[in-house]
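The structure is shown first, and the description follows.

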Amino acid sequence: MASTSISAPSTCAPILKWAGGKRQLLPEIYAKFPEKFNKFIEPFAGGAAVFFGKQFESPIINDLNSELITTYRAIEADPQAVIDDLEKHSNTEEYFYATRARDWTELPHHEVASRMIYLNRTCFNGLYRVNKKGQFNVPYGRYKSPKIVDPEKVFAVANKLKNATITNFTYQKTLEMFAAPGDVVFLDPPYFAVGKYSDFNRYNANKFGDSDQEELAELCTKLSESGVHIILTNSNHPRVHQLYRNFEINVLETRRNISSKSSTRSGQDVLINSRI
């Protein structure tokens, strides 16, 4: 496969706000990309800010969250159907909770996407969080005029997704299937638990615990040694530094979007990457 480089930045923003989203760190993340590489793979896509922020050739985005991946696939397949369904929503508390209570697995795919976008726009702080049963449980946000329908953004996201392979696997299976020497893999896993908001390491019904962090670090080390360029973010915790001691590690000041108090919306992430 011929090596490619990153092209000029795309203007496409993520369609969803996501806890731990990486838009604020994009310049630092892109600076860690090698000048030439083959495929780009994002196994913990979430809001997929790194994917949406640049133009890659034949990228692969993956997430274990089936509702999220269904949403991306529906937008790519029929953006107009998603837009048409978004038009039906209303920003009232009663309607919000009725929509939240619907079982997404019983809906047509374009309605899955519409529901997810609507809840993301109108729930508290635009968060995605589920309980142990896998049910979305973020309360109503009480925003006066959220932008529920944004056709331009939906079509931009659809165009961006048309060039991508979109999968719904574990990160392990994704890397086993696709990662090869010369590729870039960006990983934004649930963070090592630090502080009062550590429960946001639940991106689906299963938590991502210490043993999962260790398994991820072992796999990243193995892939890096084989010639895959690893870029990864996590919390600034001594255990993270120890697990990735053979990688380059940079500590970055970040803003948090989970806390309702502006005084607590700050923290530190680590940006980890293979040594070139």
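## Aromatic rings and paired strands

The charged end of Lys173 lies over the ring of Phe169, at 4.3 Å from the ring centre. Such a placement requires NZ of Lys or CZ of Arg within 6 Å of the ring centre and within 35 degrees of the ring normal. The second case is listed beside it.

| Charged residue | Ring | Distance to ring centre |
|---|---|---|
| Lysine 173 | Phenylalanine 169 | 4.3 Å |
| Lysine 54 | Tyrosine 30 | 4.7 Å |

The model is predicted: local features need pLDDT of at least 70, side-chain atom pairs count only at pLDDT 80 or more, and totals for chains, interfaces and linings use all residues. Residues are numbered from 1 along each chain as its sequence is written, and side-chain values use heavy atoms, with hydrogens and water left out.

The structure contains 18 aromatic pairs. Rings of Phe, Tyr and Trp (its six-membered ring) pair if their centres lie within 6.5 Å; planes under 30 degrees apart count as stacked, over 60 as edge-to-face and the rest as tilted. One of the pairs, Phe33 with Phe56, is stacked, with 6.0 Å between centres and 20° between planes. Phe33 lies in the loop between helix 1 (26-30) and strand 1 (40-42), and Phe56 in the loop between helix 2 (49-53) and strand 2 (60-62), 23 residues apart. Helices (H or I, at least four residues) and strands (E, at least two) are DSSP runs, numbered from the N terminus. Both Phe33 and Phe56 are buried, a term for under 20% relative accessible area, with exposed over 50% and partly exposed in between (1.4 Å probe, protein chains only). Because the ring centres of Phe44 and Phe208 are 6.0 Å apart and their planes stand at 90°, this pair is edge-to-face. Tyr30, Phe33, Phe37, Phe40 and Phe56 form one aromatic cluster.

Strand 4 pairs in the parallel sense with strand 1 over two bridges and with strand 5 over four bridges; pairing requires that DSSP find at least two bridges between two strands. Ile41 has Val185 of strand 4 as its bridge partner, while Phe186 stands opposite Ile231 in strand 5. Val184 and Phe186 point one way from strand 4, Val185 and Leu187 point the other way, and all are buried.

Thr233 lies in strand 5 (residues 229-235) and is buried, with a relative accessible area of 1%. A polar contact of 2.8 Å joins its side chain to that of Asp188.

Conventions: A polar contact is a pair of N or O atoms within 3.5 Å; within protein, one must be able to donate a hydrogen and the other to accept it, and residues adjacent in sequence count only if both atoms are side-chain atoms.
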